[in-house]
There are 2 protein chains.
Amino acid sequence: MESQCRPNVDGVHNGVESHVKVVEKPRSVGSSSEFVLRILGLLLTLIAAVVAGVDKQTKIIPLTLIKTLPSLHVPVTAKWSDMSAFVYLVVSNAIACSYAAISLVLVTMLGRRGKGGRVLAVIVLDLHMVGLLFSANGAATAVGVLGQYGNSHVEWKKVCNVFDSFCHHLVASLALSFLGSLSFLGLVLLAILNLHKKSSTK
Amino acid sequence: MESQCRPNVDGVHNGVESHVKVVEKPRSVGSSSEFVLRILGLLLTLIAAVVAGVDKQTKIIPLTLIKTLPSLHVPVTAKWSDMSAFVYLVVSNAIACSYAAISLVLVTMLGRRGKGGRVLAVIVLDLHMVGLLFSANGAATAVGVLGQYGNSHVEWKKVCNVFDSFCHHLVASLALSFLGSLSFLGLVLLAILNLHKKSSTK
């Protein structure tokens, strides 16, 4: 049976199985992929938060107060802060973006010298960002669907036929946020794969 | 410097460092915690899906067709299938519950003989359940908030003042679904901790 003897730290074998090929594994497999995913997560959540955060549209709506009198034309503005689900989307993306920036600095600074506990903390926080972003996407999408189609059962009328530009921007923000959350999901997947590889090959 | 020589599979040392204490690690640390979390995930998502799936309330609502005539009293029913976000909540919890049952059988059957690839597949699927459940929770909560408070900006009136029992059941389902998603989050966290422990102690 083949021996599993490893070299000492100074690179000298124990002198028994010199034929065993020793290949030094890099500390973090796929660290460039991690860097790309973290940058993507940062950019996508940043743009998603900005696109939703500046989303605003004013329309002149005809308003009938008394049937015998002509309609009044009043300006009505739709903005992201009118709906709690959109506020949640902006805040969640802002949190994820800030975290991505901090974790990017941390991961770059720690690099190969990174202690296990700190690396683990980053993975766990990545996982929490997945939960946060997916719930925000779900919330904003649910309200977006109501805005697009309305709901006759509760008599909630659709509004995207009036505020079309506002809705288009929101859809763009949602798509970016969804891609951003996939980046964080990718980061967790990558970390799991790396840990699994390390635990099974060591 | 101390040698890092490990024993062969048959337990025989290479005959150099017999003083090195060899402690056999269990294959999966915290497997009982995993079992409990998986059972919890199964039960919570099952009850959440059932509670939301049977949620239905009929109320007699006064309806005024012509102002000069007395109001008509018509029965109006609120049910989960009226709102796409609630359908998503029920379907997501049903998927997560079914997956929890299958994965429970798989994990129990595989046990210590489980191959690395299969164990990894279970962790990755657990992670996807986190994303699915958190997005469903977000969607249903966003619509639930609208049902509870309404939104004056888009003239969506609150409905929970009329369908109170329906809303209470939905809140219960949401709380259960949230706890269920925390169970899956716990499963992923546990898997990451186990893999990290294995990769650093081996």
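Modeller: In this predicted model, B:Tyr99 and B:Phe184 are both buried, buried being under 20% relative accessible area, exposed over 50% and partly exposed in between, with a 1.4 Å probe and protein chains only.

Colleague: And B:Phe134 and B:Phe178, what kind of aromatic pair do they form?

Modeller: An edge-to-face one, at 6.2 Å centre to centre and 80 degrees between the planes. Rings of Phe, Tyr and Trp (its six-membered ring) pair if their centres lie within 6.5 Å; planes under 30 degrees apart count as stacked, over 60 as edge-to-face and the rest as tilted.

Colleague: Which helices do B:Phe134 and B:Phe178 lie in?

Modeller: B:Phe134 lies in helix α3 (residues 116–149) of chain B and B:Phe178 in helix α4 of chain B, so the pair ties together parts 44 residues apart in sequence. Helices are DSSP runs of H or I with at least four residues, strands of E with at least two, numbered from the N terminus.

Colleague: B:Phe134, buried or exposed?

Modeller: Buried, with a relative accessible area of 10%, while B:Phe178 is partly exposed at 39%.

Colleague: Changing topic, which residues of chain A does the UniProt annotation "transmembrane region" cover?

Modeller: According to UniProt, residues 34–54, 86–106, 119–139 and 173–193; positions follow the numbering used here, feature names are shortened, and annotations may be inferred rather than shown by experiment.

Colleague: How far apart are the end C-alpha atoms of residues 86–106 of chain A?

Modeller: They are 30 Å apart, and the span is 100% helix.

Conventions. Residues are numbered from 1 along each chain as its sequence is written. Chains are lettered from A and ligands numbered from 1 in the order in which they are written. This is a predicted model: local features need pLDDT of at least 70, side-chain atom pairs count only at pLDDT 80 or more; totals for chains, interfaces and linings use all residues. Side-chain values use heavy atoms; hydrogens and water are left out.
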